[in-house]
Amino acid sequence: MKWYLFVILGMGAAILLLTALLLLQKKRIAGLRSALEDYLKNGKPLPYSLREGDLALLQNGLSDLVARLELEKQRAKDADRKNAAFAADVSHQLKTPLAGLRLYCELDAQNGNPNAEKELRLIEKTERLVAELLKLQKIRADSFDFVFENAAPEMLVEEVFAAFRPLYPQKDFGVTGAAVLRCDRAWMSEAISNIVKNGCEHTPENGRIRAGIENGDESVTLTFEDNGGGVPASELPHLFERFYKAKNASPDSTGLGLAITKEIVSKHHGALTAENTPHGLRLTLVFPKTDANEKIHT
């Protein structure tokens, strides 16, 4: 056999070996990608690799990163649970004195005290503030069960609008679009109610509040727009912060409604953003589509 035949056979063997190595590397990369997707979707820890090489170093580095992320998530959850327990204790301790104050104010009102009505409103605001703060902290601490099922978001919006129409008979409410959203109906209705209430309080007497539902390939989008003139650009990043109230907020506002809404949206794996339009404020809620049966619990 001539020498060049040996060269050709050697090159062929080298090519076959290289192809096999590339296929093995590709398979390992696919496995790593699948493990990452499993962590992102299901929270399954990323396994460590006992192999050698750059790919193994990458996998072990990612495993360390995932472990640190999970540790920080657990620490944050523990802190939220402590805050929720503290809020519950404060709420319990305040109930009795607030009930006593309410009784005395009601007696003052019967005796013709001109300040009694204002005092009662302040007590009601305090009671609402305590209840909403407790709710916010409990949501953050996963103290509530979120039971997910398929729902029509346009119907949830219309139900909320129906509840607000008697309170704001001059307002113009409307919803367009349709979709199927996997959500907890009660909590999603509360999130929508907080947004609609905010719109009602920041629009003129004959103001307009519009909701739009968009059914995308990968997500469902809910958009709420009003004609209340919007908010200063400097306030936009703070709208969803706890206790933050815009300059034109209602005196009875607790500054917790939109913060609660953001937490509810987060528990649905969604995102909530705010922006000004030429006429008012636009709030956008984006939720990923999923067929999985999900239940969030403590």
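**Exercise 1. Find the residues that touch the most other members of the largest nonpolar core, and the elements that build this core.**

Step 1. A nonpolar core is a set of buried Ala, Val, Leu, Ile, Met, Phe, Trp, Tyr and Cys residues joined through side-chain atoms within 4.5 Å. Buried means under 20% relative accessible area, exposed over 50%, and partly exposed in between, with a 1.4 Å probe and protein chains only.

Step 2. Know the model. This is a predicted model, in which local features need pLDDT of at least 70, side-chain atom pairs count only at pLDDT 80 or more, and totals for chains, interfaces and linings use all residues. Residues are numbered from 1 along each chain as its sequence is written, and side-chain values use heavy atoms, with hydrogens and water left out.

Step 3. Pick the residues. The largest core has 32 residues, and Ile-192, Val-196, Leu-222, Phe-224 and Leu-285 touch the most other members.

Step 4. Two or more residues come from each of α4 (153–164), β4 (181–183), α5 (185–201), β5 (208–215), β6 (219–226), α6 (257–267) and β8 (281–288). Helices (H or I, at least four residues) and strands (E, at least two) are DSSP runs, numbered from the N terminus.

Step 5. Look beyond it. Another core, of 10 residues, lies apart from the largest one; Leu-136, Phe-146, Ile-260 and Ile-264 are among its members.

**Exercise 2. List the contacts of Ile-192, leaving aside neighbours within four places in sequence.**

Step 1. Contact means heavy atoms within 4.5 Å.

Step 2. Ile-192 then touches Leu-156, Val-157, Val-160, Leu-222 and Phe-224.

**Exercise 3. Describe the aromatic pair of Phe-161 and Phe-173.**

Step 1. Set the rule. Rings of Phe, Tyr and Trp (its six-membered ring) pair if their centres lie within 6.5 Å; planes under 30 degrees apart count as stacked, over 60 as edge-to-face and the rest as tilted. The structure holds 4 aromatic pairs.

Step 2. Classify the pair. Phe-161 and Phe-173 are 5.1 Å apart, centre to centre, with 45° between the planes: a tilted pair.

Step 3. Locate the pair. Phe-161 sits in helix α4 and Phe-173 in strand β3 (residues 172–176), so the pair ties together parts 12 residues apart in sequence.

Step 4. Check burial. Phe-161 is buried at 0% relative accessible area. Phe-173 is buried too, at 8%.

**Exercise 4. Describe the largest cavity and its lining.**

Step 1. Define it. On a 1 Å grid over the protein atoms alone, a cavity is a set of points where a 1.4 Å probe fits but cannot get out; lining residues have an atom within 4 Å of a point. Grid points are joined across faces, edges and corners, and a volume is the space filled by probe spheres set on the points.

Step 2. Size it. The structure holds 1 cavity of 30 Å³ or more. The largest cavity has about 70 Å³ of space.

Step 3. Name the lining. Ile-195, Val-196, Asn-198, Gly-199, Ile-209, Phe-224, Glu-225, Asp-226, Leu-281 and Leu-283 line the largest cavity. α5, β6 and β8 each give two or more of these residues. The largest share, 4 residues, comes from α5.

Step 4. Zoom in on Asn-198. Asn-198 lies in helix α5. Asn-198 is buried, at 16% relative accessibility. Leaving aside neighbours within four places in sequence, Asn-198 contacts Leu-258 and Leu-281.

Methods. On a 1 Å grid over the protein atoms alone, a cavity is a set of points where a 1.4 Å probe fits but cannot get out, and a pocket is an open set with protein on both sides within 12 Å along at least five of seven lines; lining residues have an atom within 4 Å of a point.
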